[in-house]
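Please look through the model below with its side-chain contacts in mind.

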Amino acid sequence: MKKNLFCAALLLLTGCTDTSRYTSVDANASVKTRMRACLVSEATAKFQAGTLFTQGLSATSDELVNICLRKLALQSAGISEESQSTAQSIIQNLRNFGSVN
């Protein structure tokens, strides 16, 4: 029942409204507002990818919270997701270079 209710609420949120007003917030917004926006964005992305309901409700919510906590912590430290992605790419390239020799 809870799963159906959650699904219906998410469908209403993603289908009938402009989700950008829920997922994009000002950099000066409160941490609670930024967390909510991140959770909506991540849940919507998982829903669209078809992976939102592959785990239980508790496991999925824990995963979403952990993802958003990490993102908000990086933003607070002044590290953008682009910087993190660049660093991961550099490490991967070095790993690939090291495995060739």
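**Side-chain links in the predicted model**

C38 and C68 form a disulfide, with their sulfur atoms 2.2 Å apart, where a disulfide is a pair of cysteine sulfur atoms within 2.5 Å. C38 belongs to helix α3 (residues 31–49) and C68 to helix α4 (residues 57–76), so the link ties together parts that are 30 residues apart in sequence; helices here are DSSP runs of H or I with at least four residues, numbered from the N terminus. The structure holds 1 disulfide, and its angle of -90 degrees about the S-S bond makes the link of C38 and C68 left-handed. Both cysteines, C38 and C68, are buried, a word that stands for under 20% relative accessible area, while exposed stands for over 50% and partly exposed for what lies in between (1.4 Å probe, protein chains only).

This is a predicted model, in which local features need pLDDT of at least 70 and side-chain atom pairs count only at pLDDT 80 or more, whereas totals for chains, interfaces and linings use all residues. Residues are numbered from 1 along each chain as its sequence is written, and side-chain values use heavy atoms, with hydrogens and water left out.

Side chains of opposite charge can pair when their charged atoms come close. A search of the whole structure finds 2 salt bridges, each being a side-chain nitrogen of Lys or Arg within 4 Å of a carboxyl oxygen of Asp or Glu. In one of them the side chains of E42 and K71 meet at 2.4 Å, N to O, and this pair links distant parts of the chain, since E42 sits in helix α3 and K71 in helix α4, 29 residues apart. E42 counts as buried at 14% relative accessibility, and K71 is buried as well, with a relative accessible area of 16%.

The side chains of E63 and K46 also meet in a salt bridge, at 3.6 Å from N to O. Here E63 lies in helix α4 and K46 in helix α3, so the pair ties together parts that are 17 residues apart in sequence. E63 is partly exposed, with a relative accessible area of 26%, whereas K46 is buried, with 14%.

The structure holds 1 aromatic pair, formed by F47 and F53, which are edge-to-face at 6.2 Å centre to centre with 85 degrees between the planes. Rings of Phe, Tyr and Trp (its six-membered ring) pair if their centres lie within 6.5 Å, and planes under 30 degrees apart count as stacked, over 60 as edge-to-face and the rest as tilted. F47 counts as partly exposed at 24% relative accessibility, and F53 counts as partly exposed at 29%.

Note on methods
Helices (H or I, at least four residues) and strands (E, at least two) are DSSP runs, numbered from the N terminus.
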